[in-house]
Amino acid sequence: MDHFYQDTYPIDTRDMDLFSHCRPSALLGHLQEGATQAAAAMGLSHRESTEKYNAFWMLVRLRYELYRPIRWGEQLTVKTWHRGARAAMTYREFDLLVGEETVGRALSVWVLASWEGRQLLKLGELKELTDTDGGSLCRKDTLHRPKAPKRLTSVGLRRLNYSDTDINGHINNTRYADYACDALPLEQLGRGKYVSALQIDYLHECMPGETLELLIGETEEGGWYVAGRDGAGQERFDALVTLSDL
């Protein structure tokens, strides 16, 4: 049996960028909400994960691709399912639809981390993930960390603040999309284009009060690589942004 969760979200002015496209961080917000509600439907909501396992969901890696921009006033349907568990991780997939039109898809990797010590749980032992996967909906593609260009250019510092945080107390996964887009800077680079694909790797947990140095570089394939490093030079996240002509 194919198990999935589906909901529809209005794309309104809060989601828009200066090109009248759904901002990448806003799209990640809709994906995050779909994943959150799907976990709750399985009995693994934020409260239930804490009460049952003293743990919370952490996003490790995510990639989405769009076949066209998502625009103001459209109704975005997010359909999502998981692939079951492998050791400490699970893949969650998404189809993105406007009406009957498939406008994109996404793939993400999640873990359950303990509140104390951030130890990873063995997901294969969780009854909530047993026989609740997407069945025939599941695809076989996987996600890997992108290779950084040989040359990276520093474009400045970014302080992480209260407005960047989420319910878990660390930086919300959607905000990293803003860091990447601001680093490019997309208000100039994005004219006549749209973000057709975005991958983010959440390498180390970031907390409010920290400051990251942002670095960018163009890949051999014509995409843009963005990295965030802390004061010790440790990479905390990286992103790969693909722009396509309208």
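M1 counts as exposed, because its relative accessibility is 82% (exposed means over 50% relative accessible area, buried under 20%, and partly exposed in between, with a 1.4 Å probe and protein chains only). Please keep in mind that this is a predicted model, in which local features need pLDDT of at least 70 and side-chain atom pairs count only at pLDDT 80 or more, while totals for chains, interfaces and linings use all residues. Residues are numbered from 1 along each chain as its sequence is written, and side-chain values use heavy atoms, with hydrogens and water left out.

**The start of the chain**

- M1 lies in the segment before strand β1, residues 5-10 (strands are DSSP runs of E with at least two residues, helices are runs of H or I with at least four, and both are numbered from the N terminus).
- Leaving aside residues up to four places away in sequence, M1 touches D133 and G135 (a contact means heavy atoms within 4.5 Å).
- In sequence, M1 and G134 are 133 residues apart, and their C-alpha atoms are 7.6 Å apart in space.

**Salt bridges across the structure**

- How many salt bridges does a search of the whole structure find? The search gives 22 (a salt bridge is a side-chain nitrogen of Lys or Arg within 4 Å of a carboxyl oxygen of Asp or Glu).
- One network of salt bridges links R83, E93, D95, R139 and D141.

**The pair R236 and E210**

- R236 and E210 meet through their side chains in a salt bridge, with an N to O distance of 3.0 Å.
- This pair links distant parts of the chain, 26 residues apart: R236 sits in strand β10 (residues 235-245), and E210 in the loop between β7 (193-202) and β8 (211-218).
- R236 is buried, because its relative accessible area is 7%.
- E210, at 24% relative accessible area, is therefore partly exposed.

**The pair E128 and K127**

- The side chains of E128 and K127 form a salt bridge of 3.4 Å, N to O.
- Is E128 buried or exposed? E128 counts as buried, because its relative accessibility is 6%.
- K127 has a relative accessible area of 61%, so K127 is exposed.

**The pair R229 and E235**

- A salt bridge joins R229 to E235, and their closest N and O atoms are 3.7 Å apart.
- With a relative accessible area of 25%, R229 is partly exposed.
- E235 counts as buried, because its relative accessibility is 17%.
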